[in-house]
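Subject: Structure handover

Hello,

Here is the structure you asked about. My notes on its charged and aromatic side chains follow below it.

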Amino acid sequence: MVFGQLIIGPPGSGKSTYCNGMSQFLPLIGRKVAVINLDPANDALPYECAVNIEDLVKLSDVMNEHSLGPNGGLVYCMDYLEKNIDWLESKLKPLLKDHYLLFDFPGQVELFFLHSSVKEVIMKLIKKLNLRLTAVHLVDAHLCSDAGKYISALLLSLSTMLHMELPHVNVFSKIDLIESYGKLAFNLDYYTDVQDLSYLQQSLDQDPRAAKYRKLTKELCEVIENFSLVNFTTLDIQDKESVGNLVKLIDKTNGYIFAGIDESAVEFSKVAVRQVDWDYYRVAAVQEKYMKDDDFEPDINSNA
């Protein structure tokens, strides 16, 4: 049984940064990580990936050959990946014995609440390779500062949850920057717990641009509240405690904590009982040296 995460979310929500940070945090608690890049538009990876979709299909080639734009090209790439799922399976099989998997997906949100190819790819992998995966849906925390954008984020999260049909964790990323976006109308708990949305409607009613959509906004808020599925946790990828809390939550959703509960407790104790240098900008060479030598303490201020 193999565990892992599907990292999804709109462009700019921090998916690649998340994969980079998580790929450095998880080895600190004893997990061997493999990052699988399935975003053919991501040509500047901040992490070392074990599998790269560009070895199968390149977005630039697709756009040139078929005269497609970036959105149409991404849809084509995902369709092509579905038809060549054997390629991905063959790349993943050597990793199944002892790796925790992180799948970095494109930021085109239509792929996760409307199009079927990504879902089919994931379901085939789960069935054939016996994977236990959680969808980690990243949403930029700045959306909380605008009532209309926040409601849009709720709708996107709900649609994605219903379409993907997987254990799902919604995350407000870049939470450390939220104060720079302006003062929130309500406490942060209001946004993470998705409390009474009628207060947001009152806020929108004060905006003359949104007044004519009052009835639509009310109906959308009722849909979200009737499903009562969406809530959020927060993440500061540079804070080891924040990352650790998120990993614990993900472990509960995909069953990792139950598959090896003793091992999981030991893992997190490694972070809790002593100081661990945590900098997601750390280079891979330093990380590998740390993993091989338990007594090695990396100096993140050095030029190594």
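The side chains of E165 and K119 form a salt bridge, with N and O 2.9 Å apart. A salt bridge here is a side-chain nitrogen of Lys or Arg within 4 Å of a carboxyl oxygen of Asp or Glu. The pair links distant parts of the chain, 46 residues apart: E165 sits in the loop between α7 (147-164) and β6 (168-173), and K119 in helix α6 (residues 117-129). Helices (H or I, at least four residues) and strands (E, at least two) are DSSP runs, numbered from the N terminus. E165 is exposed at a relative accessible area of 55%, whereas K119 is buried at 18%. Buried means under 20% relative accessible area, exposed over 50%, and partly exposed in between (1.4 Å probe, protein chains only).

Two points on the source. This is a predicted model, in which local features need pLDDT of at least 70 and side-chain atom pairs count only at pLDDT 80 or more, while totals for chains, interfaces and linings use all residues. Residues are numbered from 1 along each chain as its sequence is written, and side-chain values use heavy atoms, with hydrogens and water left out.

How many salt bridges does a search of the whole structure find? The total is 5. One of them joins K32 to D98, with the closest N and O atoms 3.4 Å apart. K32 is in the loop between α1 (15-28) and β2 (33-37) and D98 in the loop between α4 (85-92) and β4 (100-104), so this bridge ties together parts 66 residues apart in sequence. K32 is partly exposed at 41% relative accessibility, and D98 is partly exposed at 41%.

K174 and D140 make another salt bridge, at 3.3 Å from N to O. Because K174 lies in the loop between β6 and α8 (188-192) and D140 in strand β5 (residues 131-140), the pair ties together parts 34 residues apart in sequence. K174 is partly exposed, with a relative accessible area of 28%; D140 is buried, at 11%.

E225 belongs to helix α10 (residues 214-227) and is partly exposed at 36% relative accessibility.

The aromatic pairs come to 11. Rings of Phe, Tyr and Trp (its six-membered ring) pair if their centres lie within 6.5 Å; planes under 30 degrees apart count as stacked, over 60 as edge-to-face and the rest as tilted. F186 and Y190 have ring centres 4.4 Å apart and planes at 35°, so the pair is tilted. F186 is partly exposed at 26%, while Y190 is buried at 6%. Y190 also pairs with Y191: the centres are 5.3 Å apart and the planes at 85°, so this pair is edge-to-face. Y191 is buried, with a relative accessible area of 2%. Ring pairs connect Y150, F186, Y190, Y191 and Y199 into a cluster.

Regards
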